[in-house]
Amino acid sequence: MKMSLILPFFVLFTLFLLCTTTLAQTPAPAPAGPTNITAVLEKAGQFTTLTRLLKATQMADQINTQLNNSNQGLTIFAPTDNAFASLKSGTLNSLSDQQKVQLVQFHVLPNLYSTSQFQTVSNPLRTQAGNSGNGEFPLNVTTSGNNQVNISTGVNTATVANTIYTDSQLAVYQVDQVLLPLDIFGVQAPAPAPVTAATDLPSKAPSKSSDTTDDTGTSGAMPLNHNVVAAISLSFALLAAIALQL
């Protein structure tokens with residue numbers, strides 16, 4: 001009698017333990033949260049430097065806000081850690097805070113592009129860094145026959161190596177080099193030489209030839225006239241003396 005009472009209880013207890021264990025092993029579905037660019041990069045791995053730059057420049061917050069509060073899509077070119085490591089030592093540290101922001105913005109296109117759309121885009125593409133005109137932030141995309149996408153900045157050329165993430169609003173492409181904007185890393189034309197004001201030359205001393213000539217002519221003429229008069233007077237005196245002797 002007692003066993004008949006204990007057995008159902010034991011069966012129910014065993015079923016309870018099995019159900020509890022099964023529920024504990026089944027992970028709860030992740031909540032559908034807003035798109036987060038740093039979470040995308042961290043999940044993909046090998047983008048530690050880019051993630052740090054996005055956070056330091058507050059561009060991560062700006063991108064997330066734009067993705068989740070507007071219908072405008074974005075395309076992001078993501079250089080790997082190896083791409084940043086291949087830069088000349090001290091490159092990032094030599095940049096000002098504003099230049100770091102511009103560098104990150106240069107990797108962000110304010111439109112969503114699929115890889116197939118790169119074949120028909122009009123160059124230069126506009127980035128969030130600003131003016132795409134030559135000499136500032138031009139970005140040109142070309143494709144080859146095997147659907148390889150190349151990106152030229154006027155300083156270097158990178159290749160799209162992989163698609164990291166894509167949805168209806170965001171596309172993130174892995175690139176093998178850091179995109180270096182011309183405005184920051186281009187060879188600057190030498191500044192024109194300053195215009196030097198013409199130096200006033202000392203005035204040429206007036207020629208004294210005319211004055212000397214005039215003075216000589218005038219002062220020299222006077223002694224000549226006196227001598228003639230004296231000679232004439234002496235001649236008359238001699239003539240008078242001779243006449244008296246005769």
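**Exercise 1. Find the residue of β6 that stands opposite T163, then work out the pairing around it.**

Step 1. Start at T163: its opposite number in β6 is Y173. Strands here are DSSP runs of E with at least two residues, helices are runs of H or I with at least four residues, and both are numbered from the N terminus.

Step 2. Look for another pair in these strands. V160 sits across from V175 in β6.

Step 3. Now take the strands as a whole. β5 and β6 (residues 170–175) run antiparallel to each other, with five bridges; two strands count as paired if DSSP finds at least two bridges between them. The link from β5 to β6 is a hairpin of three residues.

Before going on, a word on what you're looking at: this is a predicted model, where local features need pLDDT of at least 70, side-chain atom pairs count only at pLDDT 80 or more, and totals for chains, interfaces and linings use all residues. Residues are numbered from 1 along each chain as its sequence is written, and side-chain values use heavy atoms, with hydrogens and water left out.

**Exercise 2. Follow the sheet out to β3 and write down the strand order.**

Step 1. Go from β5 to β4. Strand β4 (residues 149–152) pairs with β5 (residues 157–166) in the antiparallel sense over three bridges, and N150 stands opposite T159 in β5. Four residues lie between these strands in their hairpin, where G154 has a positive phi near 95 degrees.

Step 2. Go from β4 to β3. Strand β3 (residues 140–143) is antiparallel to β4 over four bridges, and V141 has I151 of β4 as its bridge partner. This hairpin has five residues between the strands, and N147 takes a positive phi near 65 degrees.

Step 3. The six strands make an open sheet in the order β2-β1-β6-β5-β4-β3, with mixed pairing. β2 and β3 are the edge strands, each pairing on one side only.

Step 4. Check against the whole chain. The protein has eight helices and six strands, running α-α-α-α-β-α-α-β-β-β-β-β-α-α from the N terminus.

**Exercise 3. Say which residues touch the most other members of the largest nonpolar core, and which elements supply it.**

Step 1. A nonpolar core is a set of buried Ala, Val, Leu, Ile, Met, Phe, Trp, Tyr and Cys residues joined through side-chain atoms within 4.5 Å. Buried means under 20% relative accessible area, exposed over 50%, and partly exposed in between, using a 1.4 Å probe and protein chains only.

Step 2. The largest core has 26 residues, and I37, L41, L54, I63 and V172 touch the most other members.

Step 3. Assign the elements. α2 (37–44), α3, α4, β1 (74–79), α5 (81–85), α6 and β6 each give at least two residues to this core. α4 provides its largest share, four residues.

Step 4. Zoom in on V172. Setting aside residues up to four places away in sequence, V172 touches I37, V40, L41, I76, A78, N162, T163, I164 and Y165, where a contact means heavy atoms within 4.5 Å.

Step 5. A second, separate one has 19 residues, including F106, V121, V149 and A158.

**Exercise 4. Is P79 buried or exposed, and what surrounds it?**

Step 1. Locate P79: it belongs to strand β1.

Step 2. Read off its burial. P79 is buried, with a relative accessible area of 1%.

Step 3. Collect the neighbours. Beyond four places in sequence, P79 contacts F47, L50, F84, H107, V175, Q177 and V178. L179 is 100 residues away from P79 along the chain, yet their C-alpha atoms are separated by 7.9 Å.

**Exercise 5. Name the residues that line the largest cavity.**

Step 1. Read the lining: L50, L53, F84, L103, V104, H107 and V178. A cavity is a set of points, on a 1 Å grid over the protein atoms alone, where a 1.4 Å probe fits but cannot get out; lining residues have an atom within 4 Å of a point.

Step 2. Look at α6 (residues 97–105) itself. Q102, L103, V104 and Q105 are buried there, and the buried residues of α6 pack against α3 (48–56), α4 (59–69), β2 (108–109) and α7 (182–185).

Methods:
On a 1 Å grid over the protein atoms alone, a cavity is a set of points where a 1.4 Å probe fits but cannot get out, and a pocket is an open set with protein on both sides within 12 Å along at least five of seven lines; lining residues have an atom within 4 Å of a point.
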